Protein chains: 2
Amino acid sequence: MSISRRKFIASTAMVGLGMNTVSAATPAKTPLIHHVFFWLKNPNSKEDLQKLIDGLRTLAKIETVKQLHIGVPAETEKRDVIDNSYSVSELMFFDDLAGQKIYQDHPIHKKFIESCSSLWSKVQVYDSMDLN
Amino acid sequence: MSISRRKFIASTAMVGLGMNTVSAATPAKTPLIHHVFFWLKNPNSKEDLQKLIDGLRTLAKIETVKQLHIGVPAETEKRDVIDNSYSVSELMFFDDLAGQKIYQDHPIHKKFIESCSSLWSKVQVYDSMDLN
């Protein structure tokens with residue numbers, strides 16, 4: 001799909017969501033933050049960890065992914081409120097809901113799920129709209 | 001505390017963590033991503049939501065906080081893996097573990113907890129080290 005075609009679809013989707021009815025002072029696009037945590041079936045397998053990280057890196061090629069941060073649990077202080085049991089963190093920024101939808105349906109994303117979903121036992125997703 | 005004093009403490013802490021023993025090709029600082037989700041005691045109270053958001057905004061003044069994104073659940077597709085039950089998301093970037101520790105102990109952070117902790121019933125934290 002060409003960039004212009006993709007942009008057309010994105011803007012059409014935003015009209016459908018009523019996101020064009022904002023005041024002049026409000027940006028038309030509200031950044032969407034998509035954070036996914038993966039728990040590996042074999043959390044001690046360095047090979048599986050690397051496969052998952054390599055798979056996640058391919059997602060950066062999707063044009064609507066504005067930032068991609070791949071991480072592992074940090075060695076911060078131990079507190080009950082901190083969940084450090086996951087294996088890999090994937091943090092993405094999108095310009096808008098439409099960009100996230102294009103990502104979800106993108107062949108590269110589908111290929112990633114096909115290649116890597118056997119590696120994980122659990123996925124936890126948080127999507128938020130940035131108020132800044 | 002002055003900036004130079006703070007920087008001195010940060011670099012001293014990094015030496016303590018052995019983070020200066022990296023190769024020339026590796027950046028000495030690995031960005032730390034700190035993501036906190038808050039569940040309000042009164043999830044339908046717009047006043048409590050605003051109080052929490054206003055409190056979170058004060059945290060941007062802490063020098064080691066490199067990026068602060070305050071968000072609310074996005075209207076993405078409904079899927080079992082997506083948790084959209086939280087009230088507010090706070091996403092922060094730090095240069096390193098030491099920067100996060102300075103933030104945790106900072107008077108502005110302590111004042112935020114004192115002023116706002118009565119508003120929430122649950123907090124969930126994920127800290128990750130960015131591999132990019």
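In chain A, residues A:Lys51, A:Leu52, A:Gly55 and A:Thr58 of helix H2(A) meet A:Ile108, A:Phe112, A:Ser115 and A:Cys116 of helix H4(A); here, two residues are in contact if their C-beta atoms, placed from the backbone, lie within 7 Å. Helices (H or I, at least four residues) and strands (E, at least two) are DSSP runs, numbered from the N terminus. The model is a predicted one, in which local features need pLDDT of at least 70 and side-chain atom pairs count only at pLDDT 80 or more, while totals for chains, interfaces and linings use all residues. Residues are numbered from 1 along each chain as its sequence is written, and chains are lettered from A and ligands numbered from 1 in the order in which they are written.

By class, the contact of H2(A) with H4(A) has 4 nonpolar, 3 polar and 1 charged residues. For this count Ala, Val, Leu, Ile, Met, Phe, Trp, Tyr, Cys and Pro are nonpolar, Asp, Glu, Lys and Arg are charged, and the others, Gly among them, are polar. Axes are lines fitted to C-alpha atoms, for helices over the stretch in contact, and angles run from 0 to 180 degrees between N-to-C directions.

Turning to the strands, 8 of them close into a barrel with antiparallel pairing, in the order S1(A)-S3(A)-S2(A)-S4(B)-S1(B)-S3(B)-S2(B)-S4(A). From one strand to the next, the twist averages 35°. Strands count as paired if DSSP finds at least two bridges between them. Across the two chains, S2(A) is joined to S4(B), residues 120-130, by 3 bridges in the antiparallel sense, and A:Pro73 has B:Ser128 as its bridge partner. Within chain B, 5 bridges link S2(B), residues 67-73, with S3(B), residues 88-94; B:Gly71 is partnered there by B:Ser89. Helix H3(B), residues 97-105, lies across S1 and S3 of chain B, at about 35° to S1(B).

What does each chain bring to the contact between A and B? Chain A gives 31 residues and chain B gives 31 residues. On the side of chain A, S1, S2, S3, H3 and S4 each supply at least two residues, with the largest share, 8 residues, coming from S4(A). That side divides into 17 nonpolar, 10 polar and 4 charged residues.
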